[in-house]
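User: Please take a close look at a single part of this model and describe how that part sits among its neighbours. State the cut-offs behind each term.

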Amino acid sequence: MNWRVSCATFCLVLICATHGMADPIACGERITLHSKILGEDRTISISLPPSYAQGTQKYPVLYLTDAPFLFDQTRASAAFLAGNGLIPEIIILGVAHSDRTRDLYATKADFKLKGRTTPFPNSGNADQFLEFLDKELIPWVESTYRTVPLRILAGISAGGNFALHTMRLKPGLFQAIIAASPWLAWDDARELKLLVPFLESTGVRTQALFISYANEGPEMTANVEALSSALSSRRDTSLRWNSATYPNETHDSTAVKSYYDGLRAIFADWSYPRNPETNFLIGSLEDVKAHYARISERLGYTQLPPEDIVNELGYQFLGMKAVDKALAAFRYNTEAYPQSANVWDSLADALEQAGKMDDALAACRKAVSLGEANKNPNLEHFRKHAMRLTGPKKPDSK
């Protein structure tokens, strides 16, 4: 396989009114890949999580059709959910299409709606596009980026049809599927007619499925409800599935809610429980480990407790003057995320409170070293912390 790759970073710009300055905020890259299978170049949009450059952890990947229309919205939704501890951080990869009906429908047909027919002579190439994903794009992604074995495929309308077609044709290629308003009426509902018996079989390998529809007419409603009925009759519980309806949304607007809710459904119960009155994390470090061990078993890959959750627990213990518990939490974080400058700086806080000043300074210097190597945005804070600890020396506690 011969890839011809060119990259261009694209960004949003935040206008800093106070100083009249514009600060670029990077949100991803656009990469041009040449596919031998498709015989053409494809534009790929990629967004990496904020923590990607600060450590060595691995991430699930969301593969998205119709990238020019949905990439920014999906990236923002995923960042919001991850930032609030509702899902893990994920890599988002969007594919652009020069001809959607060619890429996303598996059969050649015309579009029929309310007695009107619109010809699509180039339609019906979805199996070749799927081969591109399977044989070229996914291997490239997984050899280029740090990924876990959890691939999510999301698509709307023709893309929703394609996502369900992929689930049936290549079981297990994607462990989770989001099919928003899948246009299952295509070619006299051929895909739906094949999906119903497939869902009754033992060939399903998908672990999580989310389907939805909006206010889009009786045909869309009937087809998605037929799919839901087939899912409801399954006896095998290995497939977790959810559905949603959005009566106040249209075919064009439904993707925002569908992808947001779809990610939440795939990562159900991800967030660690909190006391509703205080918002404090409940339990101990061992409880946190056990929670994410259960999540790992359900998702099919090993997921360590998130760095920020363990860090928050450590500071929670510090606030309670439970220094030994805080030290245990922060030390665990340095073992789980040794390349993160922040966890070493946090450990320094606990060591300082324990009166272990030499150890605190060593942890601070580790944070500075990693911060310099990883270009951590908090590097100046780490340096100031280290400078403060190099002041008049206090004796270590006995």
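Ile44 stands opposite Val95 in β5. The model is predicted: local features need pLDDT of at least 70 and side-chain atom pairs pLDDT 80 or more, while totals for chains, interfaces and linings use all residues. Residues are numbered from 1 along each chain as its sequence is written, and side-chain values use heavy atoms, without hydrogens or water.

Strand β3 (residues 40–47) pairs with β5 in the antiparallel sense over four bridges; strands are DSSP E runs of at least two residues and helices H or I runs of at least four, numbered from the N terminus, and pairing requires at least two DSSP bridges. Strand β4 (residues 59–64) pairs with β5 in the parallel sense, also over four bridges. Here Gly94 of β5 is the bridge partner of Leu64.

β4, helix α1 (residues 67–83) and β5 form a right-handed β-α-β unit: with the strands pointing away from the viewer, the path from the first strand over the helix to the second runs clockwise.

Five of the five residues of β5 (residues 91–95) are buried, so the strand is largely enclosed by the rest of the structure. Buried means under 20% relative accessible area, exposed over 50% and partly exposed in between, with a 1.4 Å probe and protein chains only. Ile91, Leu93 and Val95 are buried on one side of β5, and Ile92 and Gly94 on the other.

Leu64 is also among the residues touched by Tyr259, as are Leu70 and Ile178; contact means heavy atoms within 4.5 Å, and residues up to four places away in sequence are not counted.
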